[in-house]
Amino acid sequence: MAVQTENGDANLVNLTTLLGARITGLGMCVPDRVLTNADLEKIVDTNDEWIVSRTGIRERRICDPNTLSSDLAIQASINALSNASIKAEDVDLVLCATATGDYIWPSTACIIQNAIGARKAGAFDLSAACSGFCYGLATAAGFVQTGAMKNVLVVGVDTLTKQVNWEDRSTCILFGDAAGAAVITPCTAGEGVLASVLGADGSGLESVWMPAGGLKMPLTQEAIDNKLNCIQMKGADVYKFAVRLIPDIIEATLARAGLTTNDIDHLVMHQANMRIINAVANKLQIPESKVFVNVDRYGNTSAASVPLALTEAFGQGRFKQGDIIATVGFGAGLTWGANVIRWSC
Ligand code: UT7
């Protein structure tokens, strides 16, 4: 089947000969400042034992007031491009998944594009909260697999510590700041991103959200006084949603690739909470040795969490040629997204 572009030019895409799309390079950036559970004990009525037993988090990284999402994203992008040995000028698209962009508009992707010198690239932001990188990876793979683009830079970045209510102990202990980036390039069909599943349930809008600061509820003094410009979360609802849904989403994505949970070599989940990671792994009967965890050191870094985990796992030499990696993100929207990857070096 051939699809003609809207303007009728000769840019035809033959969908019967899809390419593969693989991760060629990974990079990350976290702020230097570490906020431990002991530090939090001095801010809110909490304790290390509660935080570790309920979340698995021991410390997280936190930006200083002058550091923005774009700052972390630019460094993660430079690291990913260097890891991929690809020049910024050869990037066709910069795709930034974030809920904490420097501005409401224009996009943080444009700031990254300019800073790294990706002068031939398009750039846009993607809003899917903690699922953002998984949505971005699926989108990038689509562009590459059709032959429409060659080199796509996908960045997941969030600085949610700027949006937490530091008086709300149920949320301020959870989040950390970080950026992770991946370069997606063509490869042999059957390698790289094998299948993706994206989903949403907008009826869960108020399960985890920031009510003020958009056009519906502008940032008035009253909104600020009521902390409506901070994260509001029904933690137990999000917890149940994740534990109920994510195992099915992983199985559905594997099935699309003709695989089952037995084929998984690495489970790289959104690092929201150790109990969620364990519950999902247990339900799918995936042994601990195959489950990557860094939530203890970074907390929930939202859109950055999956690329941060992929970068660290890759850096530790865990991924071997042909390994099957299942990645999954979930969060505000509500949204969820999973990708199954056959690692190709
Ligand atoms: O990226 C996606 C977005 N979010 C998530 O993935 C979060 C998913 N949800 C969770 O991870 C968990 O629901 C939390 C970790 C947020 C909370 O754990 P929980 O087991 O659901 O606790 P809870 O909210 O039911 O609270 C239990 C108790 C309450 O006290 P009472 O009412 O039983 O006396 C809370 O007030 O724990 C109390 N509590 C705390 N105690 C000490 C809540 N936060 C804290 C705290 N330290 N930081």
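In these legends, contact means heavy atoms within 4.5 Å. The model is predicted, so local features need pLDDT of at least 70 and side-chain atom pairs count only at pLDDT 80 or more, while totals for chains, interfaces and linings use all residues. Residues are numbered from 1 along each chain as its sequence is written, and side-chain values use heavy atoms, with hydrogens and water left out.

**View 1. K283 and its partners.** Welcome to helix α9, where K283 lies; helices (H or I, at least four residues) are DSSP runs, numbered from the N terminus. Once neighbours within four places in sequence are set aside, K283 is in contact with V243, R244 and P247. The C-alpha atoms of K283 and I246 are separated by 9.9 Å, with the two residues 37 apart along the chain.

**View 2. The shell around the ligand.** Here 22 residues surround the ligand, each with a heavy atom within 4 Å of it. The closest are T46, R54, H270, N273 and N300. At least two shell residues come from each of α2 (48-55), α6 (169-172), α8 (235-256) and α9 (274-284), and α8 gives the most, with 4 residues.

**View 3. N and O atoms at the ligand.** Look for the side chain of T46, which has an N or O atom 2.7 Å from a nitrogen atom of the ligand. In R169, a backbone N or O atom lies 2.9 Å from a ligand nitrogen atom. The side chain of W50 places an N or O atom 3.3 Å from an oxygen atom of the ligand. Taken alone the ligand exposes 960 Å², and the protein buries 72% of that; these accessible areas come from the Shrake-Rupley method with a 1.4 Å probe.

**View 4. T311 in helix α11.** T311 lies in α11 (residues 305-315). T311 counts as buried because its relative accessibility is 10%, and buried means under 20% relative accessible area, exposed over 50%, and partly exposed in between (1.4 Å probe, protein chains only). Its side chain reaches the backbone oxygen of G27 at 3.4 Å. Beyond neighbours within four places in sequence, T311 is in contact with L26, G27, M28 and A181.

View 5. C110 is partly exposed, with a relative accessible area of 34%. C187 has its closest cysteine sulfur in C345, 11 Å away, so that pair is too far for a bond as well. C187 counts as buried, at 13% relative accessibility.

Terms used
Polar contact = N/O pair within 3.5 Å; in protein donor to acceptor, adjacent residues only side chain to side chain. Disulfide = S-S within 2.5 Å.
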